[in-house]
Amino acid sequence: MNAQRAEEIASSPIMANVTYNEESIYIEHVDKQNGTATIHPLVDLSCPVS
């Protein structure tokens, strides 16, 4: 992904639909100098309650 676009997504207040290796992810931070981004998987951690 283009670093500029990744920064735009990371700084946006709107959650974007982003995938990496076919997994939905959240971009936390983009390090342009190193050409890397800190990402986290988006998983459904909900469980039924009674």
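Tutor: Begin with a definition: helices (H or I, at least four residues) and strands (E, at least two) are DSSP runs, numbered from the N terminus. Alanine 6 is found in helix 1. Before going on, note that this is a predicted model, where local features need pLDDT of at least 70, side-chain atom pairs count only at pLDDT 80 or more, and totals for chains, interfaces and linings use all residues. Residues are numbered from 1 along each chain as its sequence is written, and side-chain values use heavy atoms, with hydrogens and water left out.

Is alanine 6 buried or exposed? Alanine 6 counts as buried, because its relative accessibility is 7%. The cut-offs are these: buried means under 20% relative accessible area, exposed means over 50%, and partly exposed is in between (1.4 Å probe, protein chains only).

Now look at its partners. Contact means heavy atoms within 4.5 Å. Leaving aside neighbours within four places in sequence, alanine 6 is in contact with Met1, Ile27 and Val30.

Alanine 6 also belongs to a group. The largest nonpolar core has 6 residues: Ala6, Ile9, Val18, Ile25, Ile27 and Val30. Helix 1 (3–11) and strand 2 (23–31) are the elements that give two or more residues to this core. Strand 2 gives the most, with 3 residues. A nonpolar core is a set of buried Ala, Val, Leu, Ile, Met, Phe, Trp, Tyr and Cys residues joined through side-chain atoms within 4.5 Å. In soluble globular proteins, nonpolar side chains tend to be buried together.

Take valine 18 next. Alanine 6 and valine 18 are 12 residues apart in sequence, and their C-alpha atoms are 9.6 Å apart in space. Not counting residues up to four places away in sequence, valine 18 touches Met1, Ile9, Glu23, Ser24, Ile25 and Ile27.

A salt bridge is a side-chain nitrogen of Lys or Arg within 4 Å of a carboxyl oxygen of Asp or Glu. By this rule there are 2 salt bridges.

One joins glutamate 8 and arginine 5, with their closest N and O atoms 3.3 Å apart. These two are 3 residues apart in helix 1, so about one helical turn separates them. Glutamate 8 is partly exposed because its relative accessibility is 39%. Arginine 5 is partly exposed too, at 42%.

The other joins lysine 32 and glutamate 7, with the closest N and O atoms 3.3 Å apart. Lysine 32 lies in the loop between strand 2 and strand 3, and glutamate 7 lies in helix 1, so the pair ties together parts that are 25 residues apart in sequence. Lysine 32 is partly exposed at 46%. Glutamate 7 is partly exposed at 29%.

Finish on strand 2. Glutamate 28 is found there. Glutamate 28 is partly exposed, because its relative accessibility is 44%. Leaving aside neighbours within four places in sequence, glutamate 28 is in contact with Ala10, Thr38 and His40. A polar contact of 2.4 Å joins the side chains of glutamate 28 and histidine 40. Here a polar contact is a pair of N or O atoms within 3.5 Å; within protein, one must be able to donate a hydrogen and the other to accept it, and residues adjacent in sequence count only if both atoms are side-chain atoms.
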